[in-house]
Every structure is written in structure tokens, then in C-alpha cells.
Amino acid sequence: MARALVTGGSRGLGFEVARGLIARNIETTILGQNPENVARAAAQLGATGICCDVRDYDGLQSAKVKHDPFDIIVLSHGVMSEKMSKTMKATKEDWDRTLDINLTGVFNVVNVFAEHLVEQRSGRVIIFSACLGRMSGPGNAGGLAPYRISKAGVNAFVRNFAHETGLGARGVLVDAICPNHSQTDMGGPNAPRTAAEGAETAIWLATREFTPGVDQTGLFWEDREVIPW
Ligand SMILES: NC(=O)c1ccc[n+]([C@@H]2O[C@H](COP(=O)([O-])OP(=O)(O)OC[C@H]3O[C@@H](n4cnc5c(N)ncnc54)[C@H](OP(=O)(O)O)[C@@H]3O)[C@@H](O)[C@H]2O)c1
């Protein structure tokens with residue numbers, strides 16, 4: 001049976017990804033930083049929970065040795081920057097917090113947990129980016145500087161790591177997704193799509209059939225379609 005790790009699995013889109021993977025008989029572990037949220041979600045899902053801040057590299061390493069290695073890693077943790085966070089209005093604290101969690105936290109989790117799937121030449125890494133991080137389309141509109149730039153960094157991370165792992169030729173798939181505006185604590189209750197709808201493409205990327213040389217990886221996906229970075 002495949003094993004998956006879902007960061008941000010304690011709430012929102014990550015919770016729905018974990019639910020979808022479990023429904024497909026994938027043994028799933030969720031990771032969040034708030035102990036109550038992690039415990040509640042793990043009990044609801046019937047999943048294992050890891051409580052660790054993605055900024056805590058040593059804590060992630062300690063968690064790694066306590067768990068069997070993962071074949072699928074979905075990174076769905078994240079924070080939004082403050083509302084008034086144009087470049088000249090953003091605080092240094094908000095910049096550091098957003099970049100540390102959204103971008104350095106992605107590096108930390110992949111660097112600690114992806115070694116196994118690279119070595120076994122089989123596995124998937126799917127990372128929640130955002131359309132706000134695109135360098136074409138809506139990502140260029142300015143504002144929310146820490147968040148947009150953290151997600152642009154995530155896009156660069158995915159592209160870079162996908163090339164380093166052979167763009168699918170060596171059994172490892174690495175992709176970014178834009179879930180679109182979804183009803184979660186981050187997206188708010190009036191978002192146009194449900195969290196389950198926002199999670200669907202990530203679940204598909206984690207479980208799709210993949211034929212090297214035919215199917216593509218190392219790309220940015222929205223609703224199962226490739227979109228420009
Ligand atoms: N919702 C949207 O409309 C939307 C649109 C585009 C992109 N996204 C992206 O999709 C991803 C999921 O968003 P969401 O809407 O599901 O957010 P959410 O409902 O606010 O949930 C955020 C998740 O991230 C975890 N998290 C936050 N900081 C963490 C840290 N320092 N260490 C470990 N875990 C941490 C939270 O864990 P705790 O419960 O422990 O706090 C929670 O599970 C994010 O990357 C977000 O940027 C969302």
C-alpha cells in the first residue's frame with residue numbers, strides 16, 4: 001500500500017486531499033502545527049498525525065525517523081499575508097513569516113521527506129501554489145507582496161526540483177497546483193468553490209496513471225489542465 005504525507009492536512013484543502021487519498025486506500029499521515037487541529041483532523045480521517053511547524057527543520061527530521069517513509073508528499077500548508085501588504089506597506093515580520101512558512105517550509109519538508117522517493121525512483125511531490133504566484137495573468141497585478149512572491153518562489157521550486165529529478169524519467173513526479181479560490185479558513189466562506197473541489201486536482205496528480213514520454217510532469221496545474229507559470 002502507498003503511503004502519503006499531507007502537510008496542512010489538519011484543515012482546508014489539505015484535509016480534503018487527505019480524505020481523498022484515504023478513500024483511495026492510501027495510508028495517509030497529516031502534518032499541521034496546531035496540536036488540537038491535528039488531533040481532531042486525524043481522528044476524523046482515521047489518519048496518523050504529525051504535529052510540527054514546517055519552519056522547524058530539526059523537528060521535521062525527528063518526525064521522519066518516527067514514521068515509515070512516504071511515497072506521496074502533498075504540501076498544502078500555507079498562510080496568507082496581511083491584507084495591507086503591498087511592498088511598501090508590508091511589515092518585515094509579515095514578510096519573514098509568510099516566506100518562512102510558504103517557501104522555506106516547502107524546502108524543509110521536501111528536503112527532509114523526499115529523499116526516500118527519489119532513492120526508490122518512485123513517488124510524487126505535489127505542492128499547492130496559487131494563481132496569485134503566477135508570473136503571467138493575475139499574479140502580476142501587485143499587492144499581497146509576501147504571499148504572491150512566496151508562491152512565485154514555490155513555482156520556481158517546483159520547476160527546479162522537477163528538472164533535478166528527471167521530469168518523470170526517473171519515476172518521480174513533481175507538480176504545482178492552483179486550487180482556485182476555495183472555501184477554507186484562508187479562502188473564506190464565500191469562495192466560489194468548495195474545499196473538496198479545490199483539492200480534486202491534487203488528488204488526481206497524486207494518483208493518476210503516468211506514462212513517461214507520454215504524460216507530463218514538472219508543470220503548473222489547474223482543474224487537471226496545465227497553465228502558464
Ligand atoms: N483557499 C484558497 O482559496 C487557496 C487559493 C489558492 C491557493 N491556496 C493554497 O492552498 C494551500 C492550502 O490552503 P487552505 O485554504 O487549505 O488554508 P487553511 O485552511 O488556512 O489551512 C492552512 C493549513 O496549513 C497549516 N499550517 C499553517 N502554518 C503552518 C506551519 N507553520 N507549519 C505547519 N502547518 C502549517 C495549518 O495547520 P494548523 O491547523 O495546525 O494551523 C492548516 O492545516 C495553501 O498553500 C494556500 O496558499 C489556497
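Two strands pair if DSSP finds at least two bridges between them, and strands themselves (E, at least two residues), like helices (H or I, at least four), are DSSP runs numbered from the N terminus. With that in hand, look at Thr7, whose bridge partner in S2 is Leu31. Before going further, note that this is a predicted model, in which local features need pLDDT of at least 70, side-chain atom pairs count only at pLDDT 80 or more, and totals for chains, interfaces and linings use all residues. Residues are numbered from 1 along each chain as its sequence is written.

How enclosed is S2? A residue is called buried if 20 or more other C-beta atoms lie within 10 Å of its own, exposed if 12 or fewer, and partly exposed in between, with C-beta atoms placed from the backbone. By that count 5 of the 6 residues of S2 are buried, so the strand is largely enclosed by the rest of the structure.

Now move along to S5. Strand S4 (residues 72-75) is joined to S5 by 4 bridges and runs parallel to it; the bridge partner of Ile72 in S5 is Arg124. S5 and S6 also run parallel, joined by 6 bridges, and Ile127 stands opposite Ala176 in S6. In a regular strand the side chains alternate between the two faces of the sheet. In S5 both faces are covered: Gly123, Val125 and Ile127 are buried on one side, and Arg124, Ile126 and Phe128 are buried on the other. With 6 of its 6 residues buried, S5 is largely enclosed by the rest of the structure.

What else covers this part of the sheet? (Axes are lines fitted to C-alpha atoms, for helices over the stretch in contact, and angles run from 0 to 180 degrees between N-to-C directions.) His163 belongs to H6 and counts as exposed because it has 11 C-beta neighbours inside 10 Å. From His163 to Thr217 is 54 residues in sequence but 9.5 Å in space, C-alpha to C-alpha.

Next, the core. A nonpolar core is a set of buried Ala, Val, Leu, Ile, Met, Phe, Trp, Tyr and Cys residues joined through C-beta atoms within 7 Å. The largest one has 59 residues, and Ile73, Val74 and Ala202 touch the most other members. Two residues are in contact if their C-beta atoms, placed from the backbone, lie within 7 Å. Neighbours within four places in sequence aside, Ala202 is in contact with Val17, Val74, Ile126, Phe128 and Ile177.

Gly198 is found in helix H7, and it is buried because it has 27 C-beta neighbours inside 10 Å. Residues up to four places away not counted, Gly198 touches Leu13, Pro179, Asn180, Ser182 and Arg193. Gly198 and Gly12 are 186 residues apart in sequence, yet 9.3 Å apart in space, C-alpha to C-alpha.

That brings us to the ligand. Of the 30 residues around it, Gly12, Gly32, Gly78, Thr184 and Gly187 come nearest, where a residue is near if its C-beta atom, placed from the backbone, lies within 6 Å. Helix H1 (12-23) and helix H2 (35-45) are the elements giving two or more residues to this shell, and H1 supplies the largest share, 3 residues. The shell divides into 10 nonpolar, 16 polar and 4 charged residues; Ala, Val, Leu, Ile, Met, Phe, Trp, Tyr, Cys and Pro count as nonpolar, Asp, Glu, Lys and Arg as charged, and the others, Gly among them, as polar.

Finally, a backbone detail. Most residues other than glycine have a negative phi. Asn180, in the loop between S6 and helix H7 (195-207), has a positive phi of about 70°. Asp223, in the loop between S7 and S8, has a positive phi near 50°.
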